[in-house]
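Please examine the sequence and the model shown here.

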Amino acid sequence: SASGDLMIRNIQLKHSGKYVCMVKTDVDSVASAADLIVRGSPGPPEHVKVDEVTDTTAQISWQEGTDNHSPVTTYTIQARTPFSVGWQRVTTVPDVIDGKTFTTTVVDLNPWVEYEFRVVASNKIGGGEPSLPSEKVRTEEAVPEIPPSEVSGGGGSRSELVITWDPIPEELQNGEGFGYVVAFRPFGTTTWIQTVVTSPDTPRYVFRNESILPFSPYEVKVGVYNNKGEGPFSSVTTVFSAEEEPSIAPSGVSATSLSSSVIEVSWTAIPWKMSSGRLLGYEVRYWNNGGKEESSNRVKAAGNETSIRITGLKSNLAYYTAVRAYNSAGAGPFSATVNATTKKTPPSQPPGNVVWNVTDSRVILSWEEVRAMENESEVIGYKVLYRTSSQTSMNVLNTDKTTAELYLQFHEDYIIEVKATSDGGDGTSSDQILIPRLASMDARGSGASVLNIFSVSSFLPTIFFLTLNSVL
């Protein structure tokens, strides 16, 4: 450059070397030379090998790689196993390995686990590339050191003690022939009953004996062992034996039809002692007179409930029901069977010719009577459903007549519909009627005429009412 400087951008190790600057004239030339050293983080150490292993340690050695013109200050050791997530730094003795040391002892390894090791060198520039991995080596076996966690249990069938735990992962089993020692004793006694579970993946043991009383407390602990010997037990925890299933059936069972598709079944709660366990609830089975009792459907109610509604049934059909109590040990006997017949379907015909008349804030509605067909439930009244255009839920007015009066505030449009009601449920709704907020003065109409006229003249109030009155 004109200033006599040499700039090398993105400098790399390969740019090291002797640089010569020469000045030439027609008469003479002068040269000056300088050595350029580019320093970088170290290259990978070489020939990493495992010289010796015990159950928890490994002796590692290696050879230095290139230092890239900056002496290696420290080495770190990393390890990988079939159970680790990638490479992890491991603990060594000495803890800090200086750049002149090419051997170390890795500690705190798990017994009977396959390891690979690699070495990373660092200098003042930074950490370098890791070495190639060592050959795989397995640490020696040892007695297991960690007992199962989450020891618990309970439930099961009559005369059972169920004991559960979280299995020990393979990397902590420390050797071949791994299994569990399950120990238990009735609360307040001194002698432990012990049994061996030989499968390392097994998470439970069930002790069955006719002498086990229902819902009785047991002290429980679970230990570990392998071919090298027995390891520690978990801390002692309390587990209850299986509960006793209910022995009596609910009484006072009755069934009532609520509509064409719903039956309500109710019963009297059975007497229950806490010494027998916890009552979970009741099971109600039901079937129709065309079906078989063995293939009945079943629904469940929680322990504090004494009634349940069965929905989705067919109309005008006799259904049979029976109830039994249950807990974690099983179910008790069924009650006597009772039956109820669902009601006929609601009227399918909507109320016709719905007419409205507005005077001040009062809406007078009238409609034609709905007559049920032979296979439908008799009409017992009508429901008038109404809401403003901004509301999402309907208000309901019940009446046994074919007329109704509503007192409304006409600051918004109103939407109204009418449907018949019966024992079988609500019938089909009429078409929705739209009464505009402009109807606060005298107005009248029917569902069809209002919808047609209002869609045309909603922005022309004078024309709207003239048209409406002329049509009617």
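Leaving aside neighbours within four places in sequence, with which residues is Glu-283 in contact? Contact here means heavy atoms within 4.5 Å. By that criterion Glu-283 is in contact with Arg-298, Val-299, Lys-300, Ala-322, Val-323, Arg-324, Tyr-326 and Phe-334. The residue belongs to strand E22, residues 281–288. Glu-283 is buried, with a relative accessible area of 10%; buried means under 20% relative accessible area, exposed over 50%, and partly exposed in between, for a 1.4 Å probe and protein chains only. Its side chain forms a polar contact of 2.9 Å with that of Arg-298. A polar contact is a pair of N or O atoms within 3.5 Å; within protein, one must be able to donate a hydrogen and the other to accept it, and residues adjacent in sequence count only if both atoms are side-chain atoms.

The model is predicted: local features need pLDDT of at least 70 and side-chain atom pairs count only at pLDDT 80 or more, whereas totals for chains, interfaces and linings use all residues. Residues are numbered from 1 along each chain as its sequence is written, and side-chain values use heavy atoms, with hydrogens and water left out.

The protein as a whole contains two helices and 36 strands. Helices (H or I, at least four residues) and strands (E, at least two) are DSSP runs, numbered from the N terminus. Of its 472 residues, 40% count as buried. Among contacts between residues at least 6 apart in sequence, 62% join residues at least 24 apart.

E3 runs antiparallel to E4 (residues 58–63), and five bridges join them; Glu-46 stands opposite Gln-63 in E4. The other sheet has three strands, ordered E12-E13-E16, again with antiparallel pairing. Here E12 (149–153) and E16 (204–208) are the edge strands. Three bridges link E12 with E13 (residues 160–166) in the antiparallel sense, and Ser-152 has Thr-164 in E13 as its bridge partner.

Strand E30 (residues 379–388) is mostly covered, since seven of its ten residues are buried. E30 pairs with E33 (residues 414–422) in the antiparallel sense over nine bridges, where Gly-381 stands opposite Thr-421. E30 also runs antiparallel to E31 (residues 395–399), joined by five bridges, and a hairpin connects E30 to E31 through six residues. Within that pair, Leu-385 has Val-396 as its bridge partner.

The largest nonpolar core has 20 residues; Val-363, Leu-365, Trp-367, Val-384, Leu-406, Ile-416 and Ile-435 touch the most other members. A nonpolar core is a set of buried Ala, Val, Leu, Ile, Met, Phe, Trp, Tyr and Cys residues joined through side-chain atoms within 4.5 Å. At least two residues of this core come from each of E28 (355–359), E29 (362–366), E30, E32 (403–407), E33 and E35 (433–435). E33 gives the most, with four residues. Not counting residues up to four places away in sequence, Ile-435 touches Trp-356, Val-358, Val-363, Phe-410, Asp-413, Tyr-414 and Ile-416. Apart from this core lies another, of 19 residues, among them Ala-255, Val-265, Tyr-282 and Ile-310.

Definitions and conventions: Pairing = 2+ DSSP bridges.
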